[in-house]
Amino acid sequence: MVNKMSGNFFNRVKKRDDQLFTDLMASCHSELYRLAWHYLKNEHDALDALQEVSCRVYKHFHKVENPKYVKTWMIRIMINYCLDELKRQRKAMPVDSVPDRFETPPDQAAKLDIEQLVHGLDEKYQLIILLKYYHQYTLSEIAENLDIPLGTVKTRLNHGLERLRNQLDREEEH
Amino acid sequence: MRDLEKELTKMSEHFYKTDVSNQSKSAIYTGIEQAKKRIKRKRRAMQSMIAAAAILLLFLSSIKISPTFADYISRVPGMQTIVTLLNGDHGLEDAINHHHLQKLDLSQTKNGTTVTIDSMIADSDQVIFFYTIKQPGKKINPQLNDFDVKNKDGHSVMGAAEFNYLLGHGSKNQSPIHDRLSVSLDAKKLTDPLYLSLIFKMGTWTFKVPYDVTKYEKMKMSYPVHQTVSLEGQKLTVQSVTVYPTRIAVHITYDPKNTKQITHLDDLQLVDKQGRGWTPPDGLVGTWSNENDQTFYLQSNYFAHPRSLYLRLTRARAIDKSARYVTVDLKKKKLVGNPAAKQIALKSIRTGVSDHKNDLTLRFAVHVPSIDRHSGYGIFDITFTDQSGKQYDTRSEGTEMFSKSIHYEIVNIPNRNYKGPITLKIMDYPERIHGDVRIKVK
């Protein structure tokens, strides 16, 4: 499932060939859009996120040392953008208003619950869980992409899942 | 009992079933276009004290504020926004602490858009306006196309100026938008009131701003220095240091007989005996009257009252005067005259990549030392000549930071029938001269 970028392709992109860069971004647009949508829960904000993240990636992609890591890097930028955006929206929201986007149909409640719990985890746990479950990376691919030992990936995944289980248990108790 | 693994798998399936907006690709294209615009920075401000110019402020450093100031701003409504716009300038923070921020609340609404000049910090050298744009229900980017400050006789009093429309959420067209506009003033033409015009895409807003000429004229401390020092044999004279509430102006001239043209003083700062230092703000750092006459700006210590002041300088950017011109044969796409500027190579000349489709885009690779890896100063002048000696303007210039050691300098020029190769003048260059300058100012 993991669509890695070839080194040659990336090297050409690094030279700021606009067409190739656009191709690179376009090849990931569905995944990035879905990621944004699952955080922000509406098309308008997800499109804004995609626009801003494309802008940031274009400006800073020369910082990515290894071509293989560019997609994970974009995912990471998107997650950080969405978390910041949610924080900003919470700050800006009047206390007595309940936005439509948080109202969910009953049959989707469980699904969205778990997603919201994941989005509430520490960013380091969140990233690994999302790379595994949204983007279908294997644990060793995650280790390689994030440049951290496989053991650390496993520990973070277990800690993240443990936190989710605890939250589900607490929910059942209530 | 809920099964976590099952729910995560369902979450994953749900992720892949989510419909993708048919506008998602165009959002990417818009994002890329936006990035290109942010990269382009026109070098206009270092032109002349009188020429109206605008540069984008790049907010590179994190904002640090003192505990006293933090306490003060937490008690005043609306101050948090202004603090963000101060961009960590301690001199301006001090000015506000000393009640030098003047409330204005001048508001005008046109076609549903309200522009409010909230407040200003002024002295006889500069005025900084803080303003807000409100567009209820609209999603229009209120692009500031131009602006001017005029006196009551209708003459412009504006010198170099800077504004920042990227602050906060650059790409988001959100309302309200808070911004800051800093305008250097021509001290000889000031009147009370002044008239500030903001020219947006959707119209022009003009405000009558009270300006107490006599009060501001008194608010400065001038220190004549007139001392000549040298860096690797290149002479420069520190003429004067003037401390205003909003900034410090250090006037420096270079000896016309120097073999190198000094283009920028890298680490110019003022220090006192207590070890405090005053460095340039993030933003406008200097203006030129001519190549041998520059004024550098530092964050103000007007309200800090240092007992002693010393000017310190250890390095400057400079280029051999004999190597200041680069000649490019547009037809052969080659550098034909580049005797000593070793750090510059012509990479390509292309059409169709600029906003103006027929423009020629000249791309130079510039080798930069690690000290410059994050700086994007423009290398070339905004005018060039062809072999007939006729002078032309470049359309735009920009810097792309390609890697740690190479920047691309992009120059877009109109595609005309130039006579022979064209000659570009180097205005700034990544080579340095060193020394150890310490001058007593006070």
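The model is a predicted one, in which local features need pLDDT of at least 70 and side-chain atom pairs count only at pLDDT 80 or more, whereas totals for chains, interfaces and linings use all residues. Residues are numbered from 1 along each chain as its sequence is written, and chains are lettered from A and ligands numbered from 1 in the order in which they are written.

The two bridges named above belong to the pairing of E25(B) with E26(B) (residues 406–413), which is antiparallel and extends over six bridges; strands are taken as paired if DSSP finds at least two bridges between them. A hairpin of four residues connects E25(B) to E26(B). Both strands are part of an open, antiparallel sheet of four strands in chain B, arranged in the order E21-E22-E26-E25. Its edges are formed by strand E21 (344–351) and strand E25 (396–401) of chain B, each of which pairs on one side only. On average, neighbouring strands of this sheet are turned by 20° against each other, direction ignored, the axes being lines fitted to C-alpha atoms and the angles running from 0 to 180 degrees between N-to-C directions. Elements are DSSP runs numbered from the N terminus, with helices (H or I) of at least four residues and strands (E) of at least two.

Elsewhere in chain B, strand E17 (residues 293–298) has five of its six residues buried, so this strand is largely enclosed by the rest of the structure; a residue is buried if 20 or more other C-beta atoms lie within 10 Å of its own, exposed if 12 or fewer, and partly exposed in between, with C-beta atoms placed from the backbone. E17(B) runs antiparallel to strand E12 (residues 248–254) of chain B, to which six bridges join it, and B:Asp293 of E17(B) stands opposite B:Thr253. E17(B) also pairs in the antiparallel sense with strand E16 (residues 286–290) of chain B, over four bridges, among them that between B:Thr287 and B:Thr295.

The contact between the chains takes 35 residues from chain A and 32 residues from chain B, two residues being in contact if their C-beta atoms, placed from the backbone, lie within 7 Å. On the side of chain A that touches chain B, two or more residues are given by each of helix H2 (18–27), helix H3 (29–40), helix H4 (43–60), helix H6 (109–119) and helix H9 (150–173) of chain A, and H4(A) supplies the largest share, 12 residues.

Within chain A, helix H8 (residues 139–146) has A:Ile142, A:Asn145 and A:Leu146 buried. Seen down the axis of H8(A), these buried residues fall within an arc of 85°, so they line one face of the helix; the arc is that of the directions from the helix axis to the C-beta atoms.

The mean pLDDT of chain A is 74, and 68% of its residues reach 70 or more, pLDDT being the predictor's confidence in each residue, from 0 to 100. Among the elements of chain A, H3(A) has the highest mean pLDDT (91) and helix H1 (residues 7–14) the lowest (39). The pLDDT is below 50 over residues 1–16 of chain A, a stretch with 25 contacts in the model beyond near neighbours in sequence. Where pLDDT is low, the predicted coordinates should not be read in detail.
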